[in-house]
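Keep the structure open as you read.

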Amino acid sequence: MHNKLIRRGAIGRIGMQNHQIQSILLILLLAPGAASLAEGGGVQFAGDHYKVQGGPKIDVSVINPVFSPGTGGTLRLILANDGVVEGLVPGAVPPGSEEDAAQEMLEEFRCLEAANLRADLLAAAPVRVLSGPVQIDRLGPGETSPLEFEIEIEEGAEGPILLSLQVEYEHQTDVSVSGGGASPLYLPTILQLDLILSVEGEPPAFKLISTRSGLSPGEEGEISLVLGNAGKATARNCTARLVAAPPFIPVSNISRLGDIPPGGTAVARFEVAVEGSARAGEYRVGCEMIHDGGGSTLSIPLSVVSPEESRLHSGRLIGALLLAAALAALWHLRSRMKGLSRSRRTLRPRR
C-alpha cells in the first residue's frame, strides 16, 4: 500500500473528527506494527519513507494596544508562525526509487506551513469591530503577517479589555510520493488567541490648592495639603506620600485619600518635625500622589517661621476665631429680634 489511506479530497467523505485522525496518525508513528499491513511478511510504515514531527505554531501580538474611550481607530496585529521540526522518524521503506524517498523527505517539511488562513477579531461591548475577517494564503515557519481591524470604543470604557482572534487554517499532516507525484493530506484547525487592549482616558492631573504649615524651629506638628484632581478621570485609591529633606523630618509621611473624582479635592495630613537649627523662610518639599494606574509628584512650599511669628500667627488666628464667633452670635441675636418684631405686628388689640 504505497498510497495514503486518506487524501485531501476525501476528507469530507470520511467525516472523521480531527482528534480521531490525529490519533490514528500518532499510532502510525509510535506503533507502526499495529497500524501496518503485512504483505509477504514485510511490515510497511503506511507507505512512508520518513515522517516529520511538528506543525504550525500560530501566535498573535498587538502593535498598538492603547485606545481612548469614545474613539475609533485601526487595531494593528502581527500574526506569526513559530512552528519548528521536533523530529524526523524513518519508516519501513517500501520498494521504490531513491528519488521518491528524497522528495518525500522534503515534502514532509511542509507540515510546518499554515495554508488558507482566515483571521477574525471577536469582541463584545465596549468594543465594536467594524471590519471583516482577513485572509492569508500561506504562512510558513518563521514568517509573520500584519493584520488590521477597524474598531470603535464606547464612551465610558476603561481598563484592560480582553478580545479574541479566531484563526482558521489548514496544515499538512502527511504526504506520500510515488513516481515523482506528491499526494498530501491536509486537516483543518481552529484557534482562539487572546489579546488585551488597554482603554485609558486622560490621566488624573493633581494640583495643590492650599497648604497649612507655619512650624517653628525645634517644633513638631501637623501640616495639611489641600489637593485637587484637575483631570477628567477619577483617581482611584489615592495615597499621598511626603518626600522631605532637612530641615523637615517626617514623623508620619503617608496619607490615604481614597478616590478623588474630577474636580474633587482631598486633604492630606502629615506629622512633621522641624530641626532646631532651621532658619525662618520658605522651603520646598515633594508630595508623591500614587493612584491606580500611575502617579505624579507635586512641589509643595512649606514655611518655617520664627517663634515670634508663630505666636503672632496664633494670636491672629485666635482673634479671627473670636471675631467669627462674635459675628455669628450677633447675627443670631438680630435674627431673633426680627422674628419677635414680626410676631408683635401680627397681634391684634383685644376689644
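**Strands, contacts and salt bridges**

Val 267 is partly exposed, with a relative accessible area of 34%. Here buried means under 20% relative accessible area, exposed over 50%, and partly exposed in between (1.4 Å probe, protein chains only).

This is a predicted model: local features need pLDDT of at least 70, side-chain atom pairs count only at pLDDT 80 or more, and totals for chains, interfaces and linings use all residues. Residues are numbered from 1 along each chain as its sequence is written, and side-chain values use heavy atoms, with hydrogens and water left out.

Q: Which strand holds Val 267?
A: Strands (E, at least two residues) are DSSP runs, numbered from the N terminus. The run with Val 267 covers residues 265–274. That run is strand S19.

Q: How far apart in space are Val 267 and Gly 228, C-alpha to C-alpha?
A: In sequence, Val 267 and Gly 228 are 39 residues apart. In space, their C-alpha atoms are separated by 8.9 Å.

Q: Which residues does Val 267 contact, leaving aside its neighbours within four places in sequence?
A: Contact means heavy atoms within 4.5 Å. By that rule, the partners of Val 267 are Ser 224, Leu 225, Val 226, Ser 255 and Leu 257.

Q: Is Ser 255 buried or exposed?
A: Ser 255 sits in strand S18, residues 254–260. Its relative accessible area is 10%, so Ser 255 is buried.

Q: Which residue has its backbone nitrogen 3.4 Å from a polar atom of the Ser 255 side chain?
A: Ser 255 touches several residues beyond four places away in sequence, among them Thr 239, Ala 240 and Phe 270. The backbone nitrogen 3.4 Å from a polar atom of its side chain belongs to Arg 269.

Q: How many salt bridges does the structure hold?
A: A salt bridge is a side-chain nitrogen of Lys or Arg within 4 Å of a carboxyl oxygen of Asp or Glu. Arg 110, Glu 113, Arg 138 and Glu 143 are linked in a network of them. The count for the structure is nine.

Q: How far apart in sequence are the parts that Arg 128 and Glu 152 tie together?
A: Arg 128 and Glu 152 form a salt bridge, with the closest N and O atoms 2.9 Å apart. Arg 128 lies in strand S9 (residues 127–129) and Glu 152 in strand S11 (residues 144–153), so the pair ties together parts separated in sequence by 24 residues.

Q: Which residue forms a salt bridge with Asp 259?
A: Asp 259 is partly exposed, at 43% relative accessible area. The closest N and O atoms of its salt bridge are 3.6 Å apart, and the partner is Arg 236.

Q: Which strands hold Arg 241 and Glu 288?
A: Arg 241 forms a salt bridge with Glu 288, the closest N and O atoms being 2.7 Å apart. The pair ties together parts that are 47 residues apart in sequence, because Arg 241 and Glu 288 lie in strands S16 and S20.

Q: What accessible area do Val 85, Leu 88 and Phe 109 have together?
A: Leu 88, in strand S7 (residues 85–90), is partly exposed at 38% relative accessible area. Patches take residues with over 30% relative accessible area and no salt bridge; like charges are joined within 9 Å, nonpolar side chains (Val, Leu, Ile, Met, Phe, Trp, Tyr) within 5 Å. Areas come from the Shrake-Rupley method with a 1.4 Å probe; for residues, only the protein chains shown count as cover. Val 85, Leu 88 and Phe 109 form a nonpolar surface patch of about 220 Å².

Note on methods:
Helix = DSSP H or I, 4+ residues; strand = E, 2+ residues; numbered from the N terminus. Polar contact = N/O pair within 3.5 Å; in protein donor to acceptor, adjacent residues only side chain to side chain.
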